[in-house]
Amino acid sequence: MKKITIAIDGFSSSGKSTMAKALAREIGYIYIDSGAMYRAVTLYALRHGLIAPDGTVREEELVSALPDIKIEFRYVTPGEAAHTFLNGEDVERQIRGMEVSNAVSPVSAIPAVRHDLVKKQQAFGAAKGIVMDGRDIGTTVFPDAEMKVFVAASPRERARRRVEELRAKGRDVSFDEVFENVVSRDRIDRSRSESPLRKADDAVELDNTGMTIDEQNRWLLDLYNQRSQS
């Protein structure tokens, strides 16, 4: 069976990363979380005072720092997903917090940041046999991917899932705070001038609002079996 490139795009907290990780494990492909890369750059910016309290990004300074930002994915625990490393530090937990979530969309909208990370993402997928999820994988990073999926769910359902995820990790968050973040990220992701979030013309759309994780995983695996054999 030939190796293919699988691009999974969609809204924040739509479950695309959960789907992508499960599929990669099932079929023996490499999984790359492109969103984690933008979160790592955002964490770097926060740590270096490049994001003001009002959310304004010191864009010129951040762009100048991009050559000094090294992002890697390493397996820490056998059988689990790879962790994100920023300049040699495991930052998987730090990049998932609300501080980064609230700042990542403005950072992701900076053209130079997107150009830099797209090059890195394309290098990861040069040999195929990869599953990558994000906002512009099927439209910008891998426009020729053999399998493209666009994942959607209602904003309230996505906020509910995000709250459950964060509380399971011991984070004290309110539904209203997370819902506001989901709606804000949707607006920024869809309206940015550089690689806005949109469904690729040849992508298959999945609204998983009422689906279980097992149901969406079976749906994705069935689609993969079709595409990899065609």
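Mentor: The protein exposes about 11000 Å², of which carbon and sulfur atoms supply 49%; accessible areas come from the Shrake-Rupley method with a 1.4 Å probe, and for residues only the protein chains shown count as cover. This is a predicted model, in which local features need pLDDT of at least 70 and side-chain atom pairs count only at pLDDT 80 or more, while totals for chains, interfaces and linings use all residues. Residues are numbered from 1 along each chain as its sequence is written, and side-chain values use heavy atoms, with hydrogens and water left out.

The secondary structure comes to 9 helices and 8 strands, where helices (H or I, at least four residues) and strands (E, at least two) are DSSP runs numbered from the N terminus. The radius of gyration is 17 Å, close to the 17 Å that the globule rule gives for 230 residues, so the protein is as compact as a globular protein of that length. That radius is taken over C-alpha atoms, and the rule is 2.2 Å times the number of residues to the power 0.38. Along the principal axes, the C-alpha atoms fill a box of roughly 50 × 35 × 35 Å. Of the 230 residues, 50% count as buried, a term that means under 20% relative accessible area, with exposed over 50% and partly exposed in between (1.4 Å probe, protein chains only). Among contacts (heavy atoms within 4.5 Å) with a separation of 6 or more, 72% join residues 24 or more positions apart.

The part to examine is an open sheet of 3 strands in the order 3-4-5, with antiparallel pairing. Strand 3 (71-74) and strand 5 (89-90) stand at the edges with a single partner strand each, so one side of each is left without a neighbour in the sheet. Two strands pair if DSSP finds at least two bridges between them. Strand 3 is joined by 4 bridges to strand 4 (residues 83-86), and the two run antiparallel. Within this pair, Ile-71 has Leu-86 as its bridge partner, and Phe-73 has Thr-84. On its other pairing, strand 4 meets strand 5 over 2 bridges, again in the antiparallel sense. Leu-86 stands opposite Glu-89 of strand 5. Strands 4 and 5 form a hairpin with 2 residues between them, and Asn-87 in the turn has a positive phi of about 50°. As background, most residues other than glycine have a negative phi.

Which residues of strand 3 make up its covered face, and which its uncovered one? Ile-71 and Phe-73 form the covered face, whereas Glu-72 and Arg-74 form the uncovered one. Strand 4 is buried on both sides: His-83 and Phe-85 point one way, Thr-84 and Leu-86 the other, and all are buried.

Leaving aside residues up to four places away in sequence, Ala-36 touches Phe-73, Thr-84, Ile-95 and Arg-96. With its neighbours within four places likewise set aside, Ala-40 is in contact with Ile-71, Thr-84, Leu-86 and Ile-95.

The buried set comprises Met-98, Val-100, Ser-101, Ala-103, Val-104, Ser-105, Val-107 and Ser-108. These residues pack against helix 2, helix 3 (59-65), helix 5 (111-124), helix 7 (155-168) and helix 8 (175-191).
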